[in-house]
Amino acid sequence: MDTFIDKLAQKLTAQEMIKANAAADAEELKRIKSQVAQYEAVLQEIREASCANTEAAETIRQTTQEALEQLSNTDKDSAEKVQMLVDASMDKIKKLQVNELELARLGEQMEARLGEQIENIRSSLNPLFTELTGHVHKENVKVYRNVQAVVVEETENTAKTVKSISGKLNAVMGVSVVALLAATAGLVFQILVYLQII
């Protein structure tokens with residue numbers, strides 16, 4: 001019986017290890033999901049900054065255009081200064097637009113990389129889950145077989161014990177029958193002596 005308890009304790013330890021591995025895998029998946037959420041937040045910030053740059057560039061362009069229209073009536077020297085300011089503003093607008101395109105491209109690249117990483121993580125976790133399921137099944141089969149072997153062993157031991165006890169009971173029964181016959185014979189003898197037949 002102690003062997004059965006020892007084997008059962010060993011199997012419980014293996015099952016606890018399997019549960020601990022599954023918990024560690026779940027924690028890793030949770031960490032990865034958290035990282036994905038952070039990437040998505042950064043991408044959203046990049047998109048918002050890009051929209052703000054576009055709006056600012058449009059506002060500068062409109063303001064510059066209005067200033068040009070208002071100054072078209074002033075003298076040529078002032079118009080040249082304004083034109084230089086407009087050109088400088090347009091250069092800044094172009095730089096902003098280039099930066100906006102770079103930010104958009106960077107955001108798309110990050111999204112693509114993030115998608116690849118998520119897909120890689122999923123593809124690497126699928127075999128682990130399959131392997132874990134197979135391992136759990138193997139351990140369950142081992143536990144079942146061990147329990148079955150222990151039950152068979154205990155049944156055989158019980159059958160041997162019953163057989164041993166049965167042999168002893170047969171011996172006791174034989175002695176009891178002999179004693180009963182002897183007692184009966186003694187009783188008959190005493191009755192015969194009492195009746196003075198003998």
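A contact here means heavy atoms within 4.5 Å. Keep that in mind as you look through the close-ups below, which come from a predicted model.

View 1. Met110 is found in helix H2. Leaving aside residues up to four places away in sequence, Met110 touches Val42, Leu43 and Ile46. For Leu43, the C-alpha atom is separated from that of Met110 by 7.7 Å, although the two residues are 67 residues apart along the chain. Met110 has a relative accessible area of 23%, so it counts as partly exposed.

**View 2. The whole chain, for orientation.** Let us step back for a moment to see where these close-ups sit. The chain has 2 helices and 0 strands. Of its 198 residues, 11% count as buried. Among contacts in the chain with a separation of 6 or more, 85% come from residues 24 or more positions apart.

**View 3. Lys19 of helix H1 and Val136.** Lys19 lies in helix H1, which covers residues 2-71. Along the chain, Lys19 and Val136 are 117 residues apart, while their C-alpha atoms are separated by 9.4 Å. Is Lys19 buried or exposed? Lys19 is exposed, because its relative accessible area is 61% and the cut-off for exposed is over 50%.

**View 4. The salt bridge between Lys142 and Glu139.** How many salt bridges does the rule give? The count comes to 1 salt bridge, and here you can see the pair: Lys142 forms a salt bridge with Glu139, with the closest N and O atoms 3.7 Å apart. Both residues lie in helix H2, 3 residues apart, which is about one turn of the helix. Their surroundings are worth a look too. Glu139 is buried, because its relative accessible area is 8% and buried means under 20%. Lys142 has 42% relative accessibility and therefore counts as partly exposed.

**View 5. A nonpolar surface patch with Leu195 among its members.** Which residues make the nonpolar surface patch of about 880 Å²? Leu187, Phe189, Ile191, Val193, Tyr194, Leu195, Ile197 and Ile198 make the patch. To place one of them, Leu195 is found in the segment after helix H2, a helix that spans residues 76-194.

Notes:
Residues numbered from 1 in each chain as written. Predicted model: local features only at pLDDT ≥ 70, side-chain atom pairs only at ≥ 80, totals over all residues. Heavy atoms only, no water. Helix = DSSP H or I, 4+ residues; strand = E, 2+ residues; numbered from the N terminus. Buried < 20%, exposed > 50% of the residue type's maximum accessible area, 1.4 Å probe, protein only. Patch = residues over 30% accessible without salt bridge, like charges linked within 9 Å, V, L, I, M, F, W, Y side chains within 5 Å. Areas by Shrake-Rupley, 256 points an atom, 1.4 Å probe, with all protein chains shown as cover. Salt bridge = Lys/Arg side-chain N within 4 Å of Asp/Glu carboxyl O.
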